[in-house]
Each structure stands twice: as structure tokens, then as C-alpha cells.
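Subject: Structure handover

Hi,

Here is the structure I promised to pass on. Please open it first, then read my notes below.

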Amino acid sequence: MNKLPMRRRTATAALAVTALGLATPLVRAQTTRVRVSTIPIIDIAPLQVAVAKGYFAAEGIEVDTTPTQGGAAGIPALAAGQVQVVFSNVVSTIQAAKQGLGLQIIAPASTTGDAPPDQAALIAKKGAPFKTGKDLEGKRIAVNTRNNIIWLYARAWVRATGGNPDAVTYLEVPFPQMVDAVRGDRVDAAFAVEPFVSSAVANDMQVVGYPYTTVQKRLPAAQYVASRAYIEQNPKVIEGWVRAYQKGVDWVNQNLKSEELLNIISGYTRIPPPVIAKLPMAAFEKVVDPAALNPVVEQMRRNGLLDGEFDPGSILHRTAVQASR
């Protein structure tokens, strides 16, 4: 039987009620919302898996994805504080860092293999007489945005296969609209990414070439980027974000071509699982190879996107080069 005096019991009960009342706000305060700018392509599968599997939630992070046309479009939103993390191509990231925007790569997103096929290809109508960059002189190539990695490596491929990249016109077309642009003769070819490449091939298109792997093996095409200021102010959030993301990478690599993965990818790309099952799916990386950034810098210099000295290692946060344990 409770022997506490009435006044003391009342005070104890009041404290308990107060503690219960404060419990919910305290739990909610531990959840950090991180807005992530993405592109609905195969490359963000580990991110989507980490969301679906609750890996971010386990770290106290709520991820809110915002689709954009490309990394070049997402970086201004990052600089303005509208998003905290951006899926960006490496070229746009280097450009932004060179301009003093204070960005750092926190995790890899997409790395090509050593040989074709890979996740990106130059496509054209079936029967089109295009095999080399020389064949595309005087023609129009669709790129998602100008002065980014797609634009840069389209030019590099034209040069590497005997053509003059300055003799080609590059038109901005979002990835989902590239097939229609080719079919409607708005452009002669398009540098597209999966799942749009395989979808195009299944609908009377042909692959002309694979610019990424033709120009550079194991190209670090895209990464996740955050501002240096946000990283310094929220180091634990960044560490938790990368830890959760790397768990997503592990799950994807262990479940390539599984029905569950195909359904997750289908959910954000709106591409049917049977089509996705036919796509080339390579294992994802957990860290960035610093040496692989040097050839990208050289291509940027050659094509007028970068002047002066630049150390690519300066934009690598430690989470980008160290796998979580």
C-alpha cells in the first residue's frame, strides 16, 4: 500500500505528468529533416533503399527528396539553403567549388565500370548513320544541361572518336524527354542515362556509343554534396546520413536484380520492373577514389570549364573517402 503523504504523492504525480508531456517534444527534436535534391534515375537507388528500409530513420534523420533536372540545377538550391544535400555530377560540383561556394562531397553516388555498357549512352533513331563523333558534326545532341558532365563527356566522346566537338550543337533536354526529342527530330542524338537508355532501345532506338567509359574508365560521375557550413554546423547529422546511405549501398549490392529492388526503383522512376530488370546494374561504391577526379579536371580545362589551379582533394569530406564501420 502507498504510504506517501497526499501532498507528496500529488507533487510526484505532477512531475510524472510533466515528464510525459515533455517526452514527445524531446523525441521529435531528435529527428532532423534533411532535404535532398535528386534526379529520378537508377543512380539514386541506394538513397531510395535507405529511405524505404528505415536506415535514415534509425539515425534520427527524415529525408525529403526533391527531383530536379540535374546537379547543376540543384547546387543553387544548396547554396541558398533550400536543400541540405544534392545529388550532383562531379563537373558541376567542381565548378561550384572553384567559384567559392564552399561545397564538399560527402558520399559517392555513381561510378562507371571499366568497359561498356554502362549507365549512360548516346542514343539515336534505329538506322541512323552515326558511329563516330565525325558523323555527328553539324548535328544536334541533347544533353540534360549545358556545361555539366553529360555535356562535357559528349564533347570528349566526339573528340575521342574523330570529330570536332565545336562543330556539334548541344541542346538542353530533360532526361525523360530525350527519346521524344530524338523521335520528333528536335535533335539527332541524345546522351541519356538509365533507365531511359534501355527504354529507348526497346522502342526502336539504337546506341551510338558510350561516352563515359570510352573516355575514362571508372569515372566518378556523380556524388552527394553538402555545403561546408552545414557540415561544420551538423557533423553528427552528416555522419549519420552517410552511415545510413552506405547501408543502402550494401543492401543494393547484395540484392541486385531482386524483385524488391526492382519495385523500389520502379516506384520513383515510373519504369515497369520487367524493363528495369534488363538494365545493366553495376555494384555501387561506398567511397570516392581521389585519383579518379584528376582526369575529370583535365577534361574540364580542355573544354573551357576550368581555369587555374584546382586541387580536387579539397572538396572531399572525410566521409567520402572512409567507409563507415
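A pocket here is an open set of grid points with protein on both sides within 12 Å along at least five of seven lines. Keep in mind that the model is predicted.

The largest pocket has a volume of about 300 Å³. Its lining is made up of 29 residues. Nearest the centre of this pocket lie Asp43, Ser110, Gln119, Tyr212 and Ala221. By class, the lining splits into 16 nonpolar, eleven polar and two charged residues.

Which elements supply at least two residues each of that lining? They are strand 3 (85-89), strand 4 (103-111), helix 6 and strand 10 (220-227). Strand 3 gives the most, with three residues.

Helix 6 deserves a look of its own. It runs over residues 149-160. At 1.5 Å a residue, its twelve residues should span 16 Å, and the end C-alpha atoms are 16 Å apart, so the two agree. Ten of the twelve residues are buried, so helix 6 is largely enclosed by the rest of the structure. Among the buried ones are Trp151, Tyr153, Arg155 and Trp157.

Now the two ends of helix 6. At the start, a side-chain oxygen of Asn148 comes to within 3.2 Å of the backbone nitrogen of Ile150. Just after the helix, Gly162 has a positive phi of about 95°.

Last, the largest nonpolar core. It holds 108 residues, and Ile106, Tyr224 and Trp241 touch the most other members. Helix 11 (residues 235-254) contributes the largest share of this core, nine residues.

Best wishes

Notes
Residues numbered from 1 in each chain as written. Predicted model: local features only at pLDDT ≥ 70, side-chain atom pairs only at ≥ 80, totals over all residues. Heavy atoms only, no water. Core = buried A, V, L, I, M, F, W, Y, C linked by side-chain atoms within 4.5 Å. Buried < 20%, exposed > 50% of the residue type's maximum accessible area, 1.4 Å probe, protein only. Helix = DSSP H or I, 4+ residues; strand = E, 2+ residues; numbered from the N terminus. Expected span 1.5 Å × (residues − 1). Polar contact = N/O pair within 3.5 Å; in protein donor to acceptor, adjacent residues only side chain to side chain. 1 Å grid on protein atoms, 1.4 Å probe; cavity = no way out; pocket = protein on both sides within 12 Å on 5 of 7 lines; lining within 4 Å. Points joined across faces, edges and corners; volume = space filled by probe spheres on them. Nonpolar A, V, L, I, M, F, W, Y, C, P; charged D, E, K, R; others polar.
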